[in-house]
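Subject: Model handover

Hi,

Here is the model for your files. My notes on what turned up follow below.

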Amino acid sequence: MESKQRSIGRNMMFNSVGSLFYLVCQWLLTVLVVPLGSFEKAGYLTLAISLTNFFFTVAYFGLRNFQVSDSAGKYSPSLYISTRILTCMAAFGLCVAFTLCNRQYSGEQMACIIFYMVFRVAEALVDVLAGEEQKAYRFDYVGLSFILRGVVMLGSFTLTLYLTRQLPLTLLVMGLATLAVALVYDWPRVRKLTGFRVHLSCRESLPLLQEVWPMMVNAALLTLLAAVPRYFLERYAGSEALGYFGSISTPAVIIQAGCSFIYTPLVAPLTERFAEARWSDFKKMVLTALAGILGFAVCMFIGAALLGRWGLSLLFGEAILPYAYLLVPVLGTTLCISLIYFFDVLLTIGRRLKIMTVIHLAAVALAVASSMICIPTYGMNGVVAVLYLCAGGDMLAMALAAAKMYRDKAKGTK
């Protein structure tokens, strides 16, 4: 096995460059679907993204943060990868069953959801492989994988949609192409790093699944928190309205991705400092990450305020301008969600899983109730209001829980 460690700064550079490139390519899908299709097709794509986000959490099963923070090596790379394959199979089956049983969707919508799930399965497989690369401090592998998959994803999507004008076929081709990149590039490199062997056994994976089960529940609740208002918007206002909102929201994803660039390379170092009770170093790293996240967000807010309307018009045409005022508020909701994910990492390192579940469950319940009231009355404005109320409350509660965990640990109490 080889293990060539890179510095934290170098890791952040590789992760940031690759992730940013991949993010831009993924964002361009939601831009190009409008001129190559229509806002209705953009709505179909947004619906597929929103719904498969939930099933992606089943495939993901909360393994990544647990995997990277498993500094004692309680479970082997072979078990992590084999378990992820099992969860991917289960997630895909559940997605197909849910979609086919949901009679409110047209045949084209159903096909888009199912075929986009193929793409999500590819992402979930790469994620567990990247976890092993991250533990070996090989972010150069992670970054190059992002770049290769971004090129293949965007190229296959654009070419297929341009030639066929068929969104379901386009999503299927894109999903299979990105899965091929994972198998050809990431798979052999992680095998060289770890020597893993795949052995699909529910019995052997059960102890790991039982231990990370609360993390899967928390990830699913976080996904639902963001997806519930969009679900109700599509239900009450239709796919075209969801397409407009999805087009407005896509630039906001840059905040969430940019924030993850900052804290993802810090998971392993934070875990080490937590395990070694180096509390001042732990606090310093957390505050530095928070400063980076907030600084990045401020730059995005300023850019959106100055150039947002012009940029949206350039990307989507004059038809989007009546909704351009939503961009800055949506950026704020995305920042709240990004901070939730950051505090989620901290509480996962400290294994404070039950408090996370309670907080997220309360936020989702509030999102369902408030969506049924706000969205029929206020439409897209109602979506933003629901997200501020529920994601903002969740974020503040998670911050307080993380601060309490730190105080308790620093004082030597449990």
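**Helix packing**

Helix 8 (residues 202-237) packs with helix 13 (residues 327-349) at an angle of about 170°, and their axes are 12 Å apart. Angles over 145 degrees count as roughly antiparallel, so helix 8 is roughly antiparallel to helix 13. Helix 8 brings M215, L222, T223, L225 and A226 to the contact. Helix 13 brings I337, I340, Y341, D344 and T348. Sorted by class, this contact has 7 nonpolar, 2 polar and 1 charged residues. Please keep in mind that this is a predicted model.

**Salt bridges**

The count comes to 10 salt bridges.

**Surface patch**

Which residues form a nonpolar patch on the surface? They are V298, I302, L306, L307, W310 and L314. Together they have about 690 Å² of accessible area. Of these, L307 lies in helix 12 (residues 279-316).

Best wishes

Definitions and conventions:
Residues are numbered from 1 along each chain as its sequence is written. This is a predicted model: local features need pLDDT of at least 70, side-chain atom pairs count only at pLDDT 80 or more; totals for chains, interfaces and linings use all residues. Side-chain values use heavy atoms; hydrogens and water are left out. Patches are made of residues with over 30% relative accessible area and no salt bridge: like charges are joined within 9 Å, nonpolar side chains (Val, Leu, Ile, Met, Phe, Trp, Tyr) within 5 Å. Accessible areas come from the Shrake-Rupley method with a 1.4 Å probe; for residues, only the protein chains shown count as cover. A salt bridge is a side-chain nitrogen of Lys or Arg within 4 Å of a carboxyl oxygen of Asp or Glu. Helices (H or I, at least four residues) and strands (E, at least two) are DSSP runs, numbered from the N terminus. Axes are lines fitted to C-alpha atoms, for helices over the stretch in contact, and angles run from 0 to 180 degrees between N-to-C directions. Angles under 35 degrees count as roughly parallel, over 145 as roughly antiparallel, 65 to 115 as roughly perpendicular and the rest as oblique. Contact means heavy atoms within 4.5 Å. Ala, Val, Leu, Ile, Met, Phe, Trp, Tyr, Cys and Pro count as nonpolar, Asp, Glu, Lys and Arg as charged, and the others, Gly among them, as polar.
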